[in-house]
Structure formats: C-alpha cells, structure tokens
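Okay, thanks for coming, everyone.

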Amino acid sequence: MNQNPHLRPSKTAVLLLNLGTPSAPTAKAVRAYLKEFLSDPRVVEIPRIVWWCILNGIILPIRSGASAKKYASIWLPKLGSPLMHYSRLQAKELGEKFAHHGQVVLVDLAMRYGQPSTQQALEALQAQGMERLLLLPLYPQYSATTTASSFDEVFRILGTWRNQPELRLVKHYHDNPAYITALRDQVLSAWDKDGRPDFASGDRLVMSFHGLPKRNLMKGDPYHCECLKTGRLLGESLGLEPGQYLVTFQSRFGKAEWLKPYTAPTIEKLGKEGCQRVDIFCPGFPADCLETLEEIAMEAREIFLEHGGKDYRYIPCLNSSPKWIEAMYDIAQEHLSGWSLGVESDAILVERDRLAELAKAKIA
C-alpha cells in the first residue's frame, strides 16, 4: 500500500451493522456470545453489580447449553449461522449493486457482538482508503438496544483514530417505501406459492417483531411506534383491513412486562378461537436467525397446532431477495447524496501530491 496519503484514492464505504451470532452451535460459543451481548448496558438496564451476579451466576450457566441446542436446530449445513450467511450475502450483493451502477463503494459487514467485530470491519475499510463512511444498520426500526448500541461501538472505535472519516448514519427506515415494497413482495411471493389466506373465513397474517421491556417505551424509545407503523404500512400495501393482520412482539425474557401483545399467547388464542390458518412474518428481521427460524417457524407452529389450529405457514425473512437488495441500495443512495462514489484518477492524485509538495516548500 502506498504510504503517501496524497497518492492514495479516497473512497466511500457503507458498513452494514447487525447484532451478531455465536461462532458455533456449542455451549462454549453460545456462552461467549451471550456474555458479550447481555453485558451491554444498552441491552440490560439493571445496576451493573446486581446484573453481573445474575448473568454469571444464573443465566450463563443455565441458558448457554439450552440455547446451543436451539442454535443447532437451525444451523445451516456447510453454511453455518443463518444470520451470518444472509448478512454476508446482503453485503456482497449490495456491493455488486453499486458496481452495476458504475459506482465504486466499499461495502462491509460488522457484528455488534462476535465476529466480524466492528473494529475489524472499520480497520479493513480504513486500509482500503475509506474517507467517507455511511452506517446502515440492519435494524429497520430504531431502538437504543440495537441501533444506538451499534453506533456507540463505532463512535468508541473512531474515537481512537487520529484521522477519522466523514460519517453519516441511517437511523431508521421503518417507513421507507422501498423497504415496505420489499416486505410486501416477500409476503406476496409466499402467497403466490402457497395460496392466499382466506381472510373472510378468519385466517390471519401475524407480523411478529422482537420485543422490548415496556419501560424502554416509557423512557422514550421509539421502537414500539415504529414497529406499529411498519405493520400498518405493510398491511395497507397488501390490501388488508385492520383485524386481518396482527402486530405482535416475541422473545420476551425475564419477569418484567414487555411490549404487548406477545406473539406466543396470540398464536395460542387464535388456535383456540378456531382460526384455521395463520401466516406469520417477521418484518423487523431482515435476515433469518434463531428468533425467526426456531422461535417462530418451529415453536410457534407447535403452539398453534396444539391449540386447534390447522395450517401454520412461516414466511421467510427478506434475506437476499432482489427487492431487499434494491431497497438497501435505495436507502443508501438517499444518504450518500453529495459524496463521491467513484475512484480518483491518477491525474488527480498526482496533482494533489504536486500541490502538497508546493505547500511544503513554501512553509520551509
């Protein structure tokens, strides 16, 4: 790499930010991942000393093994973690989309917890000449527990750099038309394959979002409102009436009250009330992961069938669908306005170096 900064092209980069995944479906790997994840004060807002005792004395010893078995049930043969696989695909295909449009933009992926770490990703981009950086979280709905935590980590790392890049952030895109279109097309694609639910006879579409403690909402976190808006816009784009679709919240942890209605009890209630078919979709998860494949596609299915339901259909997440890659590109383009999306020519670099040498000579 040329050490002369004036002869080094400056580039624009997009860094996709996601939560993370264990490196393997083993108790050891899951424990390491959970410890990093659950030690984040953005995730668990309990006094540190109290939480340290609970986490290390109860949760990690008990939950690591049980969670490892769940991860093993959804691990992809030869591909590993679904979340990692699809997140990498999204980064790769977004980069190819920029190239298809004749734009030179570096695209990489960083996980908030686990690998590839945020620091690894930033240093890799820096080594490639990154001078402008757009952070694009794979969290469509903003929350302090996800989006803000990922931003915090970027800020922490850049705070140690002498030469920082220009920086822009995508806070959220819960109501972005391209995102809603991608969600709509994902649902319609499933219905084209399996048939549309008979809503008139009581079939329902459930949109399940990851839950949060209710106190987060009361403290001002906009996540709940943004999930509801995504659900409403998706329902409208599908031509559904209120009541034909339901917005619920999953993955409750602990005894505190979380955002309601909870997904599992809602699924159970639908089965008991005679609902014959439930289609379930997770709009807040751009990539399939443990929470969608095990908790929703498997566990919730069992609940519905055990309580009288007949037909349960899980609709996969956006993953690497062309419409989603296109939506990511559109969202990025909105925030890249005014930045160079090319590579400087040799002539420009030489001229920059010449002017720098002239300036040095004048100072001397």
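Which residue in E4 does arginine 132 stand opposite? It's glutamate 166. Before I go on, keep in mind that this is a predicted model.

So, the strands. E3 covers residues 130-137 and E4 covers residues 166-169; the two run parallel, and four bridges join them.

On the loop between H5 and E4 you'll find arginine 162. Is that arginine 162 buried or exposed? Exposed, because its relative accessibility is 85% and the cut-off for exposed is over 50%. If you're wondering about arginine 162 and glutamate 45, they sit 117 residues apart in sequence, and their C-alphas are 32 Å apart in space.

Next, the annotated spot. UniProt, in an unreviewed entry, lists His210 and Glu291 under "binding site". Those two are spread over 82 residues of sequence, yet they cluster in space, with a largest C-alpha distance of 8.1 Å.

Let's take them in turn. Histidine 210 is in strand E5, residues 204-210. With 27% relative accessible area, histidine 210 is partly exposed. Setting aside neighbours within four places in sequence, the contacts of histidine 210 include Tyr223, Trp258 and Glu291.

Glutamate 291 belongs to helix H10, residues 290-306. Glutamate 291 also counts as partly exposed, at 24% relative accessibility. Again leaving out residues up to four places away in sequence, glutamate 291 touches His210, Gln250, Ser251, Phe285 and Ile296. Gln250, Ser251 and Phe285 are on the contact list of histidine 210 as well.

Last stop, helix H6, residues 177-194. H6 has 18 residues and spans 26 Å from first C-alpha to last, close to the 26 Å expected at 1.5 Å a residue. At the start of H6, a side-chain oxygen of asparagine 176 comes to within 2.9 Å of the backbone nitrogen of alanine 178.

Which residues of H6 are buried? Among them are Ala178, Tyr179, Ile180, Leu183, Val187 and Trp191. And what covers the buried residues of H6? The cover includes E5, helix H8 (223-237), strand E7 (277-281) and helix H11 (322-336). E5, remember, is the strand that holds histidine 210.

That's my tour, happy to take questions.

Conventions. Residues numbered from 1 in each chain as written. Predicted model: local features only at pLDDT ≥ 70, side-chain atom pairs only at ≥ 80, totals over all residues. Heavy atoms only, no water. Pairing = 2+ DSSP bridges. Buried < 20%, exposed > 50% of the residue type's maximum accessible area, 1.4 Å probe, protein only. UniProt positions renumbered as here; feature names shortened; annotations may be inferred. Contact = heavy atoms within 4.5 Å. Expected span 1.5 Å × (residues − 1). Polar contact = N/O pair within 3.5 Å; in protein donor to acceptor, adjacent residues only side chain to side chain.
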